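Dear colleague,

Please find the structure for your review below. My notes follow it.

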Amino acid sequence: MPIPSSTYRLQLRGDGFTLDDARDLVDYLDDLGVTHAYLSPILSATEGSTHGYDVVDPQTISSALGGRAAFEALVAELHARGMGVVVDIVPNHVGVEDPQQNAWWWDVLARGRDSDYADWFDIDWRSDNGTDGKIALPVLGSEEDTKELVIDVSGEKPLLAYYEHRFPIAEGTENGNAEEVHARQAYRLVSWKAGLVGYRRFFSVNGLAGLRQEDYDVFTASHQQVSSWMSDGLVDGLRVDHPDGLADPAGYLTELREVIGPDRWLVVEKILARGEPLDESLPVDGTTGYDALADLGGVFVDPDGAEALGELSRVYTGVVNDARWLHETERALKISVAQGDLAPEVSRLSRAIARESSTAISHEDISAAVVALVARMPYYRSDYGPLAGTVARVVGEVSASDPALEAGLDAVTTALIRGTESAVRFEQVCGAVTAKGVEDCLFYRATRLISLQEVGGDPAEFGISPAQFHLASADRAVRWPAAMTTLSTHDTKRGEDVRARIGVLSQTPELWARCLTDWELLAPSPDGATGLFLWQNVFGVWPADGTITEEFRARLHAYAEKAVREAGLRTGWNDVETTFEASVHDWLDSITAGSIAESVSMLVSRLDPHGRNDALGQKLLHLLGPGVPDVYQGTELWDDSLVDPDNRRPVDYSVRREHLADTGIPVVDGSGTAKFHIVRTALRLRRERPDSFVGGTYAPVYAVGSAATHVLGFARGSVLAEPDVIALATRHSLTLASQGWGSTAVVLPDGQWRDRLTDSVFTGEISAEVLFASLPVALLVREN
């Protein structure tokens, strides 16, 4: 099957949406215009998993989801309609939260270095690892808790027990009390506060242990099921989760390409920094689309609002949140992460550097140099071809800024040149520190305009110009025509429509500031930074009709708790400050009722239409732009999701099926009919004219006249013919409302053009007022 025309992401879960449920949805996806169902991980995961990224057996399909038989039935249903399937795979790590569920991990814990799987995991077996060569497992509340260990004899074999946790007891070591038995095992249970972790993790998640995919035996065994999908003709493409965590991403992807063949679609969750190119030597079709998301969202943000919103941040937080502050704060947070949650990884790297540099420099001096370097690294990892020279440049910057680190930097440099382990671990640590410091902390602290704080984004870049948008899109059309593009994923901090509404604040910062002043006088937030951050989220998800339900309140409370802990300013995951968190919850209760709630509803009523305009605009440009667009489950209607797990809530497809019967030109209102109409029309057009999209041409389309900058559009077409599709969107509609379209018009290329959204026919020069009379977007198709 060829490259997908479009995908539709389905979040599977054993307790609510299985492979059989997905099969029941195939007819709906076909009617919508989707060509490929895109499945979240389907391999056997931890019991009760709601996401599937904690795989415990990569050789089988989850029985909770229906197993192999249900998967084959789903594929057969898709193939019967000429559709295909893409599956998300997780090569970097497996779930070990409950060791008994992972046979490979259990065997390693039971047999240590004698296990057949001892080298399959990235385990620190060296004698200087802090536990005398044993695997450190950070599960105890304190070091004294070894006294809480007991022997569980309720099963066939005795197990070592610590409350609900169970661990194996090696043959011949079961005599004596629990502490004595524990001392004889290949693992050592340590306090989670001790800074000891005996294996590479997914970031700082103790329950996810890294696999050594660089070992061919590991690769072969962990891809056994995946390989069978290819040989049996079941799967048309793969999405690879977090390749940057692997020892050798390029090598892994080369091996994977050999398995799946040259023609199947392959995209990678490679988080690119703004301006970072994807390595064209990688055997992939592109990324999973966060780079495109930043462009599509940024072009609808009004850069004129940067100064006023920055001043608002200064008033509430004491800092402007400008580029300098953001980058300095990013560096400080990365240092904190490297010295805190990821200290075990930094320590292991530092010990490798000491060995491979053969230096007498102290561990502390080497660690200080490592921390300074990873804090300044501008990318997840720098060992891709286009980034050659990055480490040398960063070493120079650190050396110039802190000469006292020279000896440590020399050791690091020597090890990176001479050694092998040091270079690999350095890159892995860089990515983990970036993710934890930026996405999981900075993006919960910055307050200027939170819609810009998205994976792969840079909040210092306050919007992008149409020219920048067009150049980036044209480059994608040429270099990565089959890359995935997206607006929402299971990992986005806020859903696409929430970001669009928040983005409208860039057009009216003064009104926003006045409203905040009034609300804060009536109900002061716990502190300025927390308040300004949460106020924007509240505004972004506030129901357009003003109806506040208990479910809505519960979602806000859950989000706020996660947000303040991720920010780490007044509370945290490890050290919960209950008094502060209680004040946040009390404050949320106070603003979701009474006069403040009425005032918020009034502001939302005023600005929501402009948020919807931007949401429809970015959706149309996404669906018709270069690349393969993914529609995240449910986002064919308005979506008010916040960060996970909120964005993984079940989707009501009965409501969406009803929209298949909609006819005529929809009204842009709270029903979502207009968005559904745009999604369906665009996806069907892509399916009808595939040559005009993936691999097709791209050219900007400009308006003329007094409000020309409020129109953003492009033309698509086959490389063998003139462009035959034009997508046009209105931007900055709030400021446009005060001046009107005036003389603004779009000059169409020769021929007759039909707007597939309204069925209107146009030729020559058409005024913007006529073009956008019914909808804030237009989808024009040339009729021969």
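The notes below cover the nonpolar cores, one asparagine and the cysteines.

This is a predicted model, in which local features need pLDDT of at least 70 and side-chain atom pairs count only at pLDDT 80 or more, while totals for chains, interfaces and linings use all residues. Residues are numbered from 1 along each chain as its sequence is written, and side-chain values use heavy atoms, with hydrogens and water left out.

The largest nonpolar core has 87 residues. A nonpolar core is a set of buried Ala, Val, Leu, Ile, Met, Phe, Trp, Tyr and Cys residues joined through side-chain atoms within 4.5 Å; buried means under 20% relative accessible area, with a 1.4 Å probe and protein chains only. Leu10, Leu19, Leu39, Ile42, Phe71, Trp229 and Leu238 touch the most other members. Apart from it lies another core, of 50 residues, including Trp519 and Phe552.

Asn537 lies in helix H20 (residues 528-541) and is buried, at 1% relative accessible area.

The structure holds zero disulfides (pairs of cysteine sulfur atoms within 2.5 Å). For Cys430, the nearest cysteine sulfur, that of Cys441, is 18 Å away.

With kind regards

Definitions and conventions. Helix = DSSP H or I, 4+ residues; strand = E, 2+ residues; numbered from the N terminus.
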